[in-house]
Amino acid sequence: MFTSADHAFMSRALQLAERGLYTTTPNPRVGCVIVHAGQIVGEGWHARAGEAHAEIVALRAAAERARGATVYVSLEPCAHHGRTPPCADALISVGVTRVVTAMRDPNPKVAGAGLERLRAAGIEASEGLLAERARELNIGFVARMERGRPWLRVKVAASLDGRTALANGVSQWITGPQARGDGHAWRARSCAVMAGIGTLLADDSRLTVREVETSRQPVRIVVDRDLRLPTTARVLEGGQVVVFGARPDADRMRALTQAGAEVIVLPDAQGKVDLPAMLQELGRREMNEILTESGSRLNGALLRAGVVDELVLYFAPHLLGDTARGMFDLRELTALDQRVELDIRDVTRIGPDLRLIARVTEPRR
């Protein structure tokens, strides 16, 4: 169905889409290549919400050469009026003859409507070329559209024996500068970076992107049951902070609000922050990817709540021993079928450290 040339041009479209890795939220990352007589005549990618979509940028570059051309786009062209007009209509109006998409748009407002509109206009429209690469690039957008909550990653830096800090709490720095820089790249692509109150009281982290260049800072999220976050905490600098608590306290809520935070009280039946409800709220706020950088208690609670999708684990080549602090508080397991099953997706050496990426899977029975 697809030729080697089709694969090459779609691969280029996906490379272009990656240029919006840090900036497109809440929109998906999309790239587009326009080909006429076997030659690329226009390219484009979506940079940020409210600006031109990838197809429009590529059409502007191609100009009159778009007539009779083949268009390769990493996500189905939109067919609805959002912040910008429908891209499907723009492709029809310039007279392209073929459109190849990597994957169907999971947004219910599109979901095949763009392809149908192209076909109704007599344009050959196909989907599924390099679909897995396209889906991985927009895994958070897909997750939010399909289930209503973001893709949640948990990032942990640990010794080779899985320890994140000494018993006295000292943890800086377990991993090397290259791994820390890589961690900031994960921050940069995320819509929000989340931490628990224990981590922030211990480290006073800003949760901002500093090691890689980006024009956008993620929202900072604090899980703080009793609203203990000091109004002098560095995480509050610069705004864009949401504090999720479980126990309303008018004075503390007022103080945190005056310090620049938004406070949301969202208790569960046990008087703790309702983590699944919190993720649903973040989905309603159009957040696609969340990165958690916290201690074992929140990490474990998120796993037990069933809302963790992926782990990004950095292992340093040293040992800290059993008295040091662990990665996940999962409480005592009494049977092996209670374990958290993982699918290891990647192992990469970064400087002296190892980065392991794994996804949480359904338990084996």
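Let me begin with the open sheet of 9 strands, whose order is β10-β9-β8-β7-β11-β6-β12-β14-β13 with mixed pairing; strands here are DSSP E runs of at least two residues, helices H or I runs of at least four, both numbered from the N terminus, and two strands pair if DSSP finds at least two bridges between them. Its edge strands, each pairing on one side only, are β10 (261-265) and β13 (342-350).

This is a predicted model, in which local features need pLDDT of at least 70 and side-chain atom pairs count only at pLDDT 80 or more, while totals for chains, interfaces and linings use all residues. Residues are numbered from 1 along each chain as its sequence is written, and side-chain values use heavy atoms, with hydrogens and water left out.

Within the sheet, β6 (residues 151-159) runs parallel to β11 (residues 289-292), joined by 4 bridges, and Trp-151 has Glu-289 as its bridge partner in β11.

Turning to helix α7 (residues 177-189), 10 of its 13 residues are buried, so the helix is largely enclosed by the rest of the structure; buried means under 20% relative accessible area, exposed over 50%, and partly exposed in between, with a 1.4 Å probe and protein chains only.

One of those buried residues, Asp-182, forms a salt bridge with Arg-355, the closest N and O atoms being 3.1 Å apart, where a salt bridge is a side-chain nitrogen of Lys or Arg within 4 Å of a carboxyl oxygen of Asp or Glu. This pair links helix α7 to strand β14 (residues 353-360), 173 residues apart, and Arg-355 is buried as well.

How values were computed: The expected span of a helix is 1.5 Å times one less than its number of residues.
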